[in-house]
Amino acid sequence: MNTILKRVDTIGLKTIQRAIRQRLISRAGRKSVVRLEVVLKTGEPSLLRRERRAYAQCARLLTQTERRILFPNVVLKTISPRDALLAIEPVGNRTLEDVVLETVAIAKTYGWYSKAVQIQQNVITLLTQRVLQKLAILHRPVRGIPLKRARVSFFTELSRGLNESLRRADIKCETSALSRFNAKDAWVVSSAHRDLGLPKIMVDEEDDVFFIDPRLHVVSTPGTHGGARYASPIIDLAALQVGLVRGELEIQHQHADFHLRAKRFAEC
């Protein structure tokens, strides 16, 4: 903790002001009590620079208002050639995965077929709907670019990512069938998060949702390949659906008959 505070002291709190969330706790006369919150990451400048660039890549086709409702503010400060600090605005105190798995605790208290569990199902479905609404903004089709070249570039990235994932899992699989998928010219070309698991979706006190920790490319050998300039919404929609399926399976370890309503909603 002291090490991080020394870094903040070195660069000055004002330099990361844009990433600091201020919450008024109380006000009495001329006195105000304010909570200051910020998420800080430290590390090699090159690594943190890639994280900052991933946010910028997602945001470059968005208006300022759209960026504010989709992603946190992020500020990168280099302290030395080997040390940097990335300040990220806190945009929620729990993830969508946390909300999904809270169902187990609620069910143990009130019963699996209780009204409380049904209310939780409604909350999860509402949050999933808000995720899809915000993804629709991020996934707006890009105009005025060579679409075929953009599709081929992202397909190459996706293929590398799949092959790397299979290699890490020590699974031998024939991936040539992907060439038929590549042949389809119906792909929408857009921005994309590229790693939209449920832990990357933050939920705030008003049940609004925000996206954190986007990637410049889908999983690949670190430092070997960069990502495509544009992507397909498929990568994010598939990741969201996989996250909901995993959440349902984890809950089913406690109650085999449980079915997550939001999963069926997301399929639509």
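Student: What share of the contacts in the protein with a separation of 6 or more comes from residues 24 or more positions apart?
Tutor: Such residues account for 71% of those contacts, where contact means heavy atoms within 4.5 Å. This is a predicted model, in which local features need pLDDT of at least 70 and side-chain atom pairs count only at pLDDT 80 or more, while totals for chains, interfaces and linings use all residues. Residues are numbered from 1 along each chain as its sequence is written, and side-chain values use heavy atoms, with hydrogens and water left out.

Student: How many helices and strands does the protein have?
Tutor: There are 9 helices and 8 strands. Helices (H or I, at least four residues) and strands (E, at least two) are DSSP runs, numbered from the N terminus.

Student: Now the pocket: how much space lies in the largest one?
Tutor: The largest pocket holds about 710 Å³ of space. Of the 28 residues lining this pocket, the closest to its centre are Asp 195, Gly 197, Ala 239, Val 242 and Arg 246. On a 1 Å grid over the protein atoms alone, where a 1.4 Å probe is used, a pocket is an open set of points with protein on both sides within 12 Å along at least five of seven lines; lining residues have an atom within 4 Å of a point. Grid points are joined across faces, edges and corners, and the volume is the space filled by probe spheres set on the points.

Student: Which helix gives the largest share of that lining?
Tutor: H8 does, with 10 residues. Helix H4 (96-110), helix H6 (147-168) and helix H8 (234-252) each supply at least two residues of the lining.

Student: Let us turn to Arg 94. Where does Arg 94 lie?
Tutor: Arg 94 lies in strand E6 (residues 94-95).

Student: Why is Arg 94 called partly exposed?
Tutor: Arg 94 is called partly exposed because its relative accessible area is 23%; buried means under 20%, exposed over 50%, and partly exposed in between, with a 1.4 Å probe and protein chains only.

Student: Which side chains make a polar contact with the side chain of Arg 94?
Tutor: The side chain of Arg 94 makes a polar contact with that of Glu 102 (3.2 Å) and with that of Asp 207 (3.3 Å). A polar contact is a pair of N or O atoms within 3.5 Å; within protein, one must be able to donate a hydrogen and the other to accept it, and residues adjacent in sequence count only if both atoms are side-chain atoms.
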